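Please look over the sequence and the model before reading on. The briefing covers domains, sheet and ligand site in turn.

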Amino acid sequence: MSRPLSGISTSEIGVDREDRLPIQQQIAKQIRALVLSGRLLPRARLPSTRVLSEELQVARATVVEAYEQLVSEGYLETRLGSGTRVAAELPEALLATASRAPARMRETAAVTREPARAFRSGLVDWAGFPHDEWGRLLGRLWRNPPLALLEHNDPFGWLPLRQSIARHLFEWRAISCEAEQVIITAGSLDAFDLICRTSLRAGDAIWFEEPGYPTARRIFSQAGAKVVPVPVDSEGLVVAQGVERSARARAAFVTPARQYPTGVTMPLARRLELLEWAAQARATIIEDDYDSEYRYVGKPLPALMSLASRASVIYTGSFSKVFSPILRLGYCVVPKALVTGFRADRLSHGAPPSLMAQPALAELMDSGAFAIHIRRMRRIYASRRRTLIEALRPGDGRLYEIQASPAGLMLLLRLPRPLRDGQAVARLARAGIEVQSLSSHYAGGARQQGLLLSFAGYDEAQLQAAATKLIEVLS
Ligand SMILES: Cc1ncc(COP(=O)(O)O)c(C=O)c1O
């Protein structure tokens with residue numbers, strides 16, 4: 001367990017003995033990132049070298065060396081009797097010229113926007129985004145780019161980022177993979193396209209969650225696959241129903257961590273059942289895992305890919321929810337046996353995503369700042385989720401039934417008959433509230449009625465006001 005240490009907890013600093021970076025540099029890098037992200041403020045006290053070395057189980061001299069390095073760089077100060085503190089004036093602040101305002105959100109005259117209306121999806125909390133640190137990383141890397149970056153031509157993307165993703169997946173999703181299996185994509189849709197070209201032939205059947213992610217469904221059917229809707233129950237895709245509808249399907253598309261859009265998590269027994277079917281049918285499972293880092297209740301289950309010993313699982317992830325939806329970066333992890341086929345496809349089709357942000361993202365992940373960002377955002381989103389549930393409580397059981405997923409950035413309100421969700425969406429839109437209908441996520445006939453509310457991009461006051469209005473409109 002991590003204990004708070006002078007304002008930071010040891011879960012925010014870790015050492016990786018497998019890492020090629022020496023331990024004192026790992027420690028220094030993480031503290032530097034904590035300072036630069038504002039997590040450690042000027043004059044904040046650091047734990048003593050004795051305490052930190054005990055917590056991290058490293059030699060005290062190693063921590064002393066890390067602190068000394070940061071003192072020499074100007075990030076820390078040591079005073080006799082008062083221990084080590086973050087410098088009152090930071091090096092970056094000293095370097096900044098007076099005319100260069102810190103990077104932060106500004107509305108420019110040329111680019112104005114309508115404020116987003118709750119509960120529109122696809123937004124994150126921009127106030128919590130590390131704009132300053134991100135800007136600094138991008139600036140530093142591209143003002144003086146290494147030749148390796150300028151002459152980069154690997155269609156799978158920047159290798160250090162692929163290594164960082166492999167480490168992230170091991171820590172967060174229990175997936176053990178090598179960087180060579182990781183492909184940087186321009187988001188999930190690029191990944192689905194890639195998978196269609198490499199793993200499916202026209203006419204191949206693919207199980208698809210019903211209700212499910214309409215965009216992915218469209219991509220598979222545009223690629224010529226026969227999309228077979230398979231009902232979802234409280235444990236996710238019902239494998240027995242899939243077998244009944246198309247036992248010899250070539251693939252299955254699932255969102256086991258947090259089913260989109262119902263929000264249910266697939267328990268272990270169902271996961272094993274799905275893997276067993278895939279192994280026997282020699283089918284490929286496409287595991288779409290797009291926001292499971294945001295889990296508020298219970299421990300996340302290991303990814304399907306981490307459980308697959310005989311079945312072939314392709315894992316797709318995205319930086320859209322956990323970092324920035326405008327970055328347009330994601331990744332896909334393929335079994336070793338498929339690497340050559342994916343590489344050939346990447347070389348001959350489409351265009352790999354821009355390299356601009358990839359090295360900065362790798363540095364952010366390696367410094368530990370990315371994990372800190374996710375943890376901080378998770379706290380913010382947990383509180384927003386709680387606020388929204390409380391604000392919706394007066395209508396619960398009367399106007400709708402709140403189905404709060406333990407993870408993700410969305411709530412589902414199930415509507416009682418005879419209220420049609422399409423009508424509710426239209427009425428709410430007239431009142432300035434944006435929601436998505438559950439029924440629009442079905443391909444087939446029997447559609448359940450419900451409303452999907454995204455809460456990530458709105459502060460507590462906005463959520464409360466919008467919830468009150470929603471109750472008023474539906475009453
Ligand atoms: C089910 C699902 N998968 C994946 C994604 C991520 O897509 P992208 O990486 O293209 O932003 C989303 C985003 O909303 C989603 O809802």
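The notes below are grouped by topic.

This is a predicted model, in which local features need pLDDT of at least 70 and side-chain atom pairs count only at pLDDT 80 or more, whereas totals for chains, interfaces and linings use all residues. Residues are numbered from 1 along each chain as its sequence is written, and side-chain values use heavy atoms, with hydrogens and water left out.

**Domains**
- The domain assignment, whose bounds come from an automatic or database source, gives domain 1 (5-111), domain 2 (131-368) and domain 3 (371-474).
- Between the C-alpha centres of domain 1 and domain 2 the distance is 33 Å.

**Sheet**
- An open sheet of mixed pairing is formed by 8 strands in the order β5-β12-β11-β10-β9-β6-β7-β8, where strands are DSSP runs (E, at least two residues) numbered from the N terminus and two strands pair if DSSP finds at least two bridges between them.
- The edge strands, each pairing on one side only, are β5 (182-185) and β8 (236-237).
- Strands β9 (residues 251-254) and β10 (residues 284-288) run parallel and are joined by 4 bridges, with Val254 opposite Glu287 in β10.

**Ligand site**
- Residues around the ligand (a heavy atom within 4 Å) include Gly187, Tyr213, Tyr260, Lys321 and Arg328.
- Among the polar contacts (pairs of N or O atoms within 3.5 Å), a side-chain N or O atom of Asp288 is 2.5 Å from a nitrogen atom of the ligand, and a polar side-chain atom of Ser320 lies 2.7 Å from a ligand oxygen atom.
- The ligand taken alone exposes 390 Å², of which the protein buries 90%, with accessible areas from the Shrake-Rupley method with a 1.4 Å probe.

Notes. Polar contact = N/O pair within 3.5 Å; in protein donor to acceptor, adjacent residues only side chain to side chain.
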